[in-house]
Amino acid sequence: MRFVIQRVMESDVKVDGEVLGRIGRGFMVLIGVCDSDTKEIADKMVRKMLGLRIFEDEQGKTNLSLETVGGELLLISQFTLYANCKKGNRPSFIEAGAPDMAEEMYEYIIEKCKEQVPVVERGRFGADMKVSLVNDGPFTIILDSDTL
């Protein structure tokens, strides 16, 4: 499982011009799932993400968590996080999770986040989405379950 976490001032996601999700200060997270992912892996990834202390305190040090600053989440499914570019110039996506399983994991992650974060917005699984954000920093963290 892979999460690309961007600390944002604001972010939104649209499908066919309709805003599906919009947040203020918080994390916009791209979520990639592979076939070997489990709910236990998702739990570990959510714990790690929500525990990240990447917001600045009064001294300007990245010392505060999403909860501490009252941050919001925008969670976007993105199978392209499992692109394999080793051969040729056209990426292969065979390492990405099968759609039914990946969607189930995406929904599970959303529900786990809602247990701890008051504002959790989302995209639409499998849709052609347009994501906008103001990256704060910029500050981007990549979490990969294979390296946690």
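The model is a predicted one. Its secondary structure amounts to two helices and eight strands, and along the sequence these run β-β-β-α-β-β-β-α-β-β. The radius of gyration is 15 Å, close to the 15 Å the globule rule gives for 148 residues, so the protein is as compact as a globular protein of that length.

**Overall shape and packing**

- Along the principal axes, the C-alpha trace spans about 45 × 35 × 30 Å.
- Buried residues account for 41% of the 148 residues.
- If you take the contacts between residues at least 6 apart in sequence, 73% of them join residues at least 24 apart.

**Surface and charge**

- The protein exposes about 8,400 Å², and carbon and sulfur atoms supply 48% of that area.
- There are 19 positive and 25 negative charges, and their mean positions sit 4 Å apart.
- The salt-bridge count comes to seven, and three of these pairs are picked out below.

**Salt bridge Arg-22 to Asp-12**

- Arg-22 pairs with Asp-12 in a salt bridge, with 3.6 Å between the closest N and O atoms.
- The partners come from distant parts of the chain: Arg-22 is in strand S2 (residues 18-23) and Asp-12 in strand S1 (residues 2-15), ten residues apart.
- Asp-12 has 12%, which is under 20%, so it counts as buried.

**Salt bridge Arg-122 to Glu-107**

- The side chains of Arg-122 and Glu-107 meet in a salt bridge at 2.6 Å, N to O.
- This pair also links distant parts of the chain, with Arg-122 in strand S7 (residues 120-122) and Glu-107 in helix H2 (residues 99-114), 15 residues apart.
- Arg-122 has a relative accessible area of 26%, so it is partly exposed. Glu-107 counts as partly exposed too, at 25% relative accessibility.

**Salt bridge Lys-130 to Asp-128**

- Lys-130 forms a salt bridge with Asp-128, and the closest N and O atoms are 3.3 Å apart.
- Asp-128 counts as exposed because its relative accessibility is 57%, and the cut-off is over 50%.

- Gly-21 is in strand S2, and it counts as buried at 1% relative accessibility.
- What does Gly-21 touch, leaving out residues up to four places away in sequence? The list is Ser-11, Asp-12, Val-13, Leu-74, Glu-121 and Arg-122.
- Gly-21 and Asp-37 are 16 residues apart in sequence, and their C-alpha atoms are 25 Å apart in space.
- Gly-137 lies in strand S8 (residues 130-144). With 60% relative accessibility, over the 50% cut-off, Gly-137 counts as exposed.
- From Gly-137 to Asp-12 it's 125 residues in sequence and 18 Å in space, C-alpha to C-alpha.

Methods:
Residues numbered from 1 in each chain as written. Predicted model: local features only at pLDDT ≥ 70, side-chain atom pairs only at ≥ 80, totals over all residues. Heavy atoms only, no water. Helix = DSSP H or I, 4+ residues; strand = E, 2+ residues; numbered from the N terminus. Rg over C-alpha atoms; globule rule 2.2 N^0.38 Å. Buried < 20%, exposed > 50% of the residue type's maximum accessible area, 1.4 Å probe, protein only. Contact = heavy atoms within 4.5 Å. Areas by Shrake-Rupley, 256 points an atom, 1.4 Å probe, with all protein chains shown as cover. Lys, Arg positive; Asp, Glu negative; His and termini not counted. Charge placed at Lys NZ, Arg CZ, Asp CG, Glu CD. Salt bridge = Lys/Arg side-chain N within 4 Å of Asp/Glu carboxyl O.
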